[in-house]
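Open the model in your viewer and keep the sequence panel beside it. This tour tells you what to select at each stop.

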Amino acid sequence: MIDDLGLMHSPILGTRQLQWRDEDDCAAFARALAVRPEIRNAFIELRGALGAGKTTFVRHLLRALGATGRIKSPTYAVMEPYELPSLQAWHFDFYRFDDPREWEDAGLRDIFAGPGLKLAEWPEQVGDLLPAPDLRMELLVGDRDERHVTLTALTPAGAALLP
């Protein structure tokens, strides 16, 4: 879809608003997402301030998909790969990128073009070089430490992931 300024944008195919009262709610959502077949090749963007719960959600999702051992934040490594029982997954953290071209220089285009689950924190640091996500998750911390989560589906696969 092209907007009034001539910029290309993915159409929004659906949105949902969730509220996670605590980490148990986050874990329950991750478990529900993990059983959907579309998760196998999804690209999920995670947006939110430091401490909003992006990495916590990723850990719960990877555990629900069968990850064992330590699940590290890729803040310094940029990417952590996971060989899961039924799929490959990559967890990215672009927080430290100063220039979107660092994504190109890191050689990540092939991973995003291939099969598997891609979970990206701080995608805005890459500018418009990333492909359109299937699902965008925006997490906001509420007054009582609850999380307000906005899910936006930008592809049919993303729409199938909506609760």
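Buried means under 20% relative accessible area, exposed over 50% and partly exposed in between, with a 1.4 Å probe and protein chains only. Helices (H or I, at least four residues) and strands (E, at least two) are DSSP runs, numbered from the N terminus. This is a predicted model: local features need pLDDT of at least 70, side-chain atom pairs count only at pLDDT 80 or more, and totals for chains, interfaces and linings use all residues. Residues are numbered from 1 along each chain as its sequence is written, and side-chain values use heavy atoms, with hydrogens and water left out.

**Stop 1: strand β5**

Select residues 117-121, which are β5. 5 of the 5 residues of β5 are buried, so the strand is largely enclosed by the rest of the structure. In a regular strand the side chains alternate between the two faces of the sheet. Here Leu117, Leu119 and Glu121 point to one side, Lys118 and Ala120 to the other, and both faces are covered.

Now show the partners. Two strands pair if DSSP finds at least two bridges between them. β2 pairs with β5 in the parallel sense over 4 bridges, and β4 pairs with β5, also parallel, over 5 bridges.

**Stop 2: the whole sheet**

Color the strands. There are 7 in an open sheet, in the order β1-β7-β6-β2-β5-β4-β3, with mixed pairing. Which strands stand at the edges? They are β1 (14-20) and β3 (79-83); each has a single partner strand, so one side of each is left without a neighbour in the sheet. Met79 stands opposite Phe92 in β4.

**Stop 3: helix α2**

Select residues 54-64. The buried ones are Lys54, Thr55, Phe57, Val58, Leu61 and Leu62. They cover an arc of only 155 degrees around the axis (taken from the directions from the helix axis to the C-beta atoms), which puts them on the same side of α2. Just past the helix, Gly66 takes a positive phi of about 110 degrees.

**Stop 4: the core**

A nonpolar core is a set of buried Ala, Val, Leu, Ile, Met, Phe, Trp, Tyr and Cys residues joined through side-chain atoms within 4.5 Å. The largest has 32 residues; among those with the most contacts inside it are Phe57, Leu61, Leu117 and Met137. Helix α1 gives the most to this core, with 5 residues. Click Met137 to find its contacts, including Trp20, Phe29, Ile44 and Phe57.

**Stop 5: the aromatic cluster**

Select Phe43, Phe92, Phe94 and Phe112, which form one aromatic cluster. Rings of Phe, Tyr and Trp (its six-membered ring) pair if their centres lie within 6.5 Å; planes under 30 degrees apart count as stacked, over 60 as edge-to-face and the rest as tilted. The structure holds 7 such pairs. In one, Phe43 and Phe112 have ring centres 5.0 Å apart and planes at 80 degrees, so the pair is edge-to-face. Phe43 is in strand β2 and Phe112 in helix α4, 69 residues apart. Both residues are buried.

**Last stop: Asp128**

Buried or exposed? Asp128 is exposed, with a relative accessible area of 72%. Look for Asp128 in the loop between β5 and β6.

Definitions and conventions: Contact means heavy atoms within 4.5 Å. Lists of a residue's contacts leave out its neighbours within four places in sequence.
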